[in-house]
Protein chains: 2
Amino acid sequence: MSTGIVTDLRPPESSSAIVRKLGAMTLLSEMEISFLESLQINRIQVEDQVDFIQDGQDLKATFIVTSGWAIRYLLTEDGRRQILSFALPGDILGLHINFQRKSTYNAAGIHDLELAVIDPLRTIEVSQKYPVLSAGFSWCTAREFAILGDQALRLGRLSAFKKLCHLLLELWHRLRLINETDGPWFELPLRQIDLADALGLSNVHINRQLQDMRRAGLITQQKNWIKIEEVEKMIEIAEFDTSHLAEFRI
Amino acid sequence: MSTGIVTDLRPPESSSAIVRKLGAMTLLSEMEISFLESLQINRIQVEDQVDFIQDGQDLKATFIVTSGWAIRYLLTEDGRRQILSFALPGDILGLHINFQRKSTYNAAGIHDLELAVIDPLRTIEVSQKYPVLSAGFSWCTAREFAILGDQALRLGRLSAFKKLCHLLLELWHRLRLINETDGPWFELPLRQIDLADALGLSNVHINRQLQDMRRAGLITQQKNWIKIEEVEKMIEIAEFDTSHLAEFRI
DNA sequence: CTCGAGATTTAACTTAAGTTAAGTCGCATA
DNA sequence: TATGCGACTTAACTTAAGTTAAATCTCGAG
C-alpha cells in the first residue's frame with residue numbers, strides 16, 4: 001500500500017468476480033490477486049442452454065464463471081430435469097475432480113455465460129504456493145456444501161411458496177456478495193421452467209406461486225429483473241438461515 | 001514389496017474404513033496407511049440420535065467415521081427434519097471448514113457411531129506432505145458432491161417408490177466399497193422415519209412404499225438387515241446411475 | 001412374565017401439486 | 001408491419017402423498 005491510507009479493503013469493482021468474492025472474506029495481496037487474474041486468461045463464451053459439462057463424460061478442465069450464470073443439473077430417463085445449483089460469477093466448477101475424471105452432473109449456460117478455462121494442475125499449484133487462496137478455495141467448497149444442503153431442505157421439506165422465497169433469497173445473498181445486486185433488485189435470467197426444475201415443481205405451479213407472491217406484494221418483476229420488496233419479511237416466511245451464506249471478514 | 005508377490009492390492013479388512021475406502025481407489029504406501037491410522041487415534045462414541053455437530057455452532061474439529069453411521073440434517077422452524085446425507089464408515093465430516101468455522105448443518109449419531117476426532121490443522125499437513133492422500137481427500141469431496149446431487153435428483157424428481165429404491169442402491173454401493181455388505185444383504189440401522197426424513201416423505205408413506213417393495217419381491221428385511229433381491233432390476237426401476245459412485249483403481 | 005415406550009401398520013379422509021389443454025402475450029425476424 | 005415461436009397464463013380435472021388417529025407389534029427393563 002504505497003499511499004498509506006486504506007479507504008476500502010475490498011478489491012475494486014473492476015476486478016474479476018472471484019477476486020471480489022474471495023476479497024469479501026479475506027484480505028488478498030497484490031500477488032494473490034494477480035495470480036487469480038492470470039488463472040482466468042483463457043476464456044470462452046457459452047450459449048444459452050448449451051452444455052459445457054456432461055454427466056459421464058471426461059472432465060478435463062476446471063472452470064471459473066467470469067460473467068453470467070450456469071446451471072448444474074441431472075436428467076431422469078424420461079427427460080425430466082433437476083437443477084442442482086446455480087453457478088454465479090466467481091463460482092468454480094470442477095475444482096474437485098475424481099480419479100476417473102468423469103463428471104457426475106451436466107452443466108449448461110444460462111443467458112450470457114462467460115467462463116475461464118483452467119488446467120486442473122494449476123489448482124494444485126494453489127495449494128502449494130498460495131495458502132490464503134487455498135483456504136479461500138476450501139471456503140468456496142464449504143459454501144457449495146451449505147448451498148446444496150439448503151437446496152435439499154427446500155426440495156424435501158418446504159412448500160412450493162416457501163421454496164420460491166428461499167431460492168430467491170439465496171440468489172440475492174450470493175449476488176450481493178459479488179456486488180451484482182442493486183439494492184433489493186437483481187437480474188434473474190431464468191425462465192419459469194428453470195425455477196420449476198430447480199425446485200422440483202411444475203412450470204404451471206411456479207406460475208401460480210409467482211403470481212401469489214406478486215399479489216402479496218413480496219416481489220416485483222420487470223423484464224429479467226426482480227425486486228424483493230421486504231427482505232426481512234421474506235426471510236421470515238421462507239425460514240431462511242442467513243448464517244449459511246454469511247458475509248464477514250477474518 | 002518384500003515378498004515380490006502381490007496377492008491383493010487392497011488393504012486388509014483389519015485396517016480402518018478410510019484406508020479401505022481410499023485403498024479401493026488407489027494404491028496406498030505403508031507410510032500413507034500408517035499416517036491415516038495415526039490421524040484416528042483420538043476416538044469418541046456417539047449415542048443414537050445425539051448431535052455431535054450443530055447448525056450455527058463452532059466446528060472446531062474434523063471427524064472421520066470409524067464405525068457406525070451418522071446423519072447430516074437440517075430442521076425447519078416447525079421441527080420438520082431433512083436428512084441431507086448419511087456418513088458411513090470412512091467418510092469425513094468437516095473437511096472443508098469455512099473461515100467463520102460455524103457449521104451449516106447438524107450431525108447426529110445413528111445406532112452405534114464411533115468417530116475419530118482430528119485437529120483441522122492436520123488436514124493441511126496432508127496437502128503438504130501426502131500428495132496421494134490429498135488427491136484421495138479431493139476424490140472424497142467430489143464423491144460427496146455426487147452423492148448430494150443424487151439426493152437432490154431423488155428429492156425433486158423421483159416418485160416415492162423410486163426414491164426408496166434409489167437411496168437403498170446408493171447405500172448398498174457405498175457400503176460395498178468399504179466391504180460392509182454381505183452379498184445382496186446389508187445392515188440398515190434406520191427407522192422408517194429416518195428414511196422418510198431423508199427422502200422428504202411422511203413416515204406413513206414410507207411404510208406403504210416399503211410394503212409395496214416387499215410385495216413386489218424387491219427387498220427382504222430381517223431385523224436391521226435388508227436384502228436387495230435383484231440389484232440390476234432395482235437399478236432399472238430407480239434409474240440409478242452407478243457411474244456416480246463407480247469403483248475403480250487408477 | 002408383564003409392562004410400556006417406541007416403532008410399525010392400517011384405514012379414512014384431505015390437500016398440495018401435477019397434468020392437460022387451450023388460450024394469450026411479447027418479441028425477434030422476415 | 002405481419003408472422004411465428006417460445007414463454008407465460010388460466011382453467012378443469014386428476015393424483016400422489018400428507019394427515020390424523022387408532023390398532024398392533026416388538027423388545028428391553030423391571
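Predicted model: local features only at pLDDT ≥ 70, side-chain atom pairs only at ≥ 80, totals over all residues.
User: How many residues of chain B are in contact with chain A?

Analyst: Two residues are in contact if their C-beta atoms, placed from the backbone, lie within 7 Å. Here 40 residues of chain B are in contact with 40 residues of chain A.

User: Which elements of chain B supply at least two residues of the side that touches chain A?

Analyst: They are β4 (81-87) and α4 (131-157) of chain B. The largest share comes from α4(B), with 15 residues. By class, this side of chain B has 17 nonpolar, 17 polar and 6 charged residues.

User: What rotation superposes chain B on chain A?

Analyst: A rotation of 180 degrees does so, with 0.0 Å of shift along its axis and an RMSD of 0.0 Å. That is the relation of a two-fold axis.

User: Why do the copies meet through the same surface?

Analyst: Compare the interface residues of the copies: 100% of those of chain B are also interface residues in chain A, so the copies meet through the same surface.

User: Which residues come nearest to DNA strand C?

Analyst: A residue is near a strand if its C-beta atom, placed from the backbone, lies within 6 Å of it. There are 15 residues around DNA strand C, and A:A160, A:S202, A:V204, A:H205 and B:Q192 come nearest. On this surface, α7 (203-215) of chain A, α6 (192-199) of chain B and α7 (203-215) of chain B each supply at least two residues. α7(B) gives the most, with 6 residues. The surface near DNA strand C divides into 6 nonpolar, 7 polar and 2 charged residues.

User: Which residues are closest to DNA strand D?

Analyst: Of the 16 residues that surround DNA strand D, the closest are A:R191, A:Q192, B:A160, B:V204 and B:H205. The elements that each supply at least two residues of this surface are α6 (192-199) and α7 of chain A, together with α7 of chain B. The largest share, 6 residues, comes from α7(A). By class, the surface near DNA strand D has 6 nonpolar, 7 polar and 3 charged residues.

User: Into which domains is chain A divided?

Analyst: Chain A is divided into domain 1 (1-38), domain 2 (45-129) and domain 3 (153-245). The centres of domain 2 and domain 3 of chain A, taken over C-alpha atoms, are separated by 23 Å. Between these domains, 10 residues of domain 2 of chain A are in contact with 11 residues of domain 3 of chain A.

User: Which element gives the most to the side of domain 2 of chain A that touches domain 3 of chain A?

Analyst: β4(A) does, with 4 residues. The residues of this side of domain 2 divide into 6 nonpolar, 3 polar and 1 charged.

Methods:
Residues numbered from 1 in each chain as written. Chains lettered and ligands numbered in written order. Nonpolar A, V, L, I, M, F, W, Y, C, P; charged D, E, K, R; others polar. Least-squares fit on C-alpha atoms with pLDDT ≥ 70 in both. Domains from an automatic or database assignment.
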